[in-house]
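Q: Could you walk me through this one? I'm new to reading structures.
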Amino acid sequence: GGVAAKQALEAMRPARQLQETVGSALTDALNESLADVFRQELRQHFMEELAPLLGRTVGDMMKGFHNTMGDFMANIADEHEKAAKRLGSELGPVVQAELEQVERVVS
């Protein structure tokens, strides 16, 4: 009984070439009909979800960069100001001594 049932099922199965042709045609039809749907869904997902997320992330990164650069520039300005004051305090007495010497020579 089991062999007869198996043979009957095999006889009902379409030929392999027919299966491949139908499978290929179904694949092509699905690609043609669903490609636009998938493309639309992906575009919508990008516009509604990914683009705003990317925008926020880039904005946060730029804000952090701006703040870091602002701090960096402020530190540079502070260091330059300190260096200028230090140079002035070190050179002041030297310049004053030179001027006093010139005054003695001239007078």
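Q: Is Met69 buried, partly exposed or exposed?
A: Met69 is partly exposed, with a relative accessible area of 33%, where buried means under 20%, exposed over 50% and partly exposed in between, using a 1.4 Å probe and protein chains only. This is a predicted model, in which local features need pLDDT of at least 70 and side-chain atom pairs count only at pLDDT 80 or more, while totals for chains, interfaces and linings use all residues. Residues are numbered from 1 along each chain as its sequence is written, and side-chain values use heavy atoms, with hydrogens and water left out.

Q: Where does Met69 sit?
A: Met69 lies in helix α2, residues 16–106, a helix being a DSSP run of H or I with at least four residues, numbered from the N terminus.

Q: What about salt bridges, how many are there?
A: The count comes to 3 salt bridges, each being a side-chain nitrogen of Lys or Arg within 4 Å of a carboxyl oxygen of Asp or Glu. Among them, Arg39 pairs with Asp36, with the closest N and O atoms 2.6 Å apart, and Asp78 pairs with Lys82 at 3.3 Å.

Q: And how far apart along the helix are Arg39 and Asp36?
A: Arg39 and Asp36 are 3 residues apart in helix α2, about one turn.

Q: Which residues does Glu81 meet in a salt bridge?
A: The side chain of Glu81 meets that of Lys85, at 3.3 Å from N to O. Glu81 is partly exposed at 44% relative accessible area, whereas Lys85 counts as exposed at 55%.

Q: Switching topic, how much of the protein is buried?
A: Of its 107 residues, 0% count as buried.

Key. Helices (H or I, at least four residues) and strands (E, at least two) are DSSP runs, numbered from the N terminus.
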